[in-house]
Amino acid sequence: MTLRQELNRYIESDFTSIDTDRLAHLGEHRKGKVRDLFLGPDEILMVTTDRLSAFDVVLTSIPCKGAILNAIAVESFRRTEDIIENHLIDMPHPNVMRVRRAEPLLIEVIVRRYVTGSLWRDVEAGTAGVYEIELPSDIKKDQRLDELIITPSTKAEVGIHDEPISRRAIVEEGLVSKELLDETCEVALKLFARGEALAAESGLILVDTKYEFGLIHGKLVVIDEIHTADSSRYWVADEYQEHFDAGEPQRMLDKENIRQWLIGEGYMGDGEPPVIPLDVRLDLAEKYAALHHKLLGEEFAVPPGNVQTTLYNVLDA
């Protein structure tokens, strides 16, 4: 059976919801866009589902997305723990991370090597000035920047759009102190450099990525997920220049594929979203699996049984 056939089989029981009553003993439940959290006094169980969000709206599900994201995040934490501590304790199930509880910073730190995605849309709309970063006046879509830039955003609740913001405004609005923000941004640049190098070893370009940080006993740690297909953009390296010179879209192995499909359907987060066809969902699942293969050096194996059954067996123990 091909990977696509396996994913198609799995999609009939996509892991999108959780019996919270059954897992009430794990702690207070909070539902995020793609994760369900169970909060204990010092630890959190982060259950990564197959839910897909884009433009801050939960839209549908992508088969095996949760397990793929989790695997990449866990390995990425391990590959960067010499740069900064993270919140990971262990992975008791392919869809679950057990993490230390942190006080999250109220911002997201987005590091960019290329002008693309939401930043390019801001450039086209004339709104990129919100970041208070000087970009070349003749910048082109998908152009590589000589130096990394940071374009932060606020961290909004589920169903509310994150808002772009400058580093100056973050400090002035009291979201994060200047000293802590400077430390956070310095660490983010180091994390990106590591992710960029690891991607290059796999024949990929790490285009941009989002980091979230928190404090544990006053010490800065990286939290949530890093360098996954949901939090990052990846392009195929040896095809970049040809596509850029021709003004063609890059070959992407990340969530930007679904964003571009949605934009083509006239949807950018407002109003009623279009129904996402099965083929589009399977195409994105295959791209996530391809990224898993390239970054981790092993093919993703579609689980043979029902994810919820195995998850409850582990978490009920």
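The questions and answers that follow concern strand pairing and salt bridges.

Analyst: This is a predicted model, in which local features need pLDDT of at least 70, side-chain atom pairs count only at pLDDT 80 or more, and totals for chains, interfaces and linings use all residues. Residues are numbered from 1 along each chain as its sequence is written, and side-chain values use heavy atoms, with hydrogens and water left out.

User: Which residue in E2 is the bridge partner of Glu28?

Analyst: Strands (E, at least two residues) and helices (H or I, at least four) are DSSP runs numbered from the N terminus, and two strands pair if DSSP finds at least two bridges between them. Strand E1 (residues 28-31) runs antiparallel to E2, with 4 bridges joining them. Within E2, the partner of Glu28 is Leu39.

User: How many bridges join E2 to strand E3?

Analyst: E2 and E3 form a hairpin with 3 residues between them. In E3, Met46 is the bridge partner of Leu37. The two strands run antiparallel, and the number of bridges joining them is 5.

User: With which residue does Asp224 form a salt bridge?

Analyst: A salt bridge is a side-chain nitrogen of Lys or Arg within 4 Å of a carboxyl oxygen of Asp or Glu. For Asp224, the closest N and O atoms are 3.2 Å apart, and the partner is Arg35. The pair links distant parts of the chain, 189 residues apart. Both Asp224 and Arg35 are buried (under 20% relative accessible area with a 1.4 Å probe, protein chains only; exposed is over 50%, partly exposed in between).
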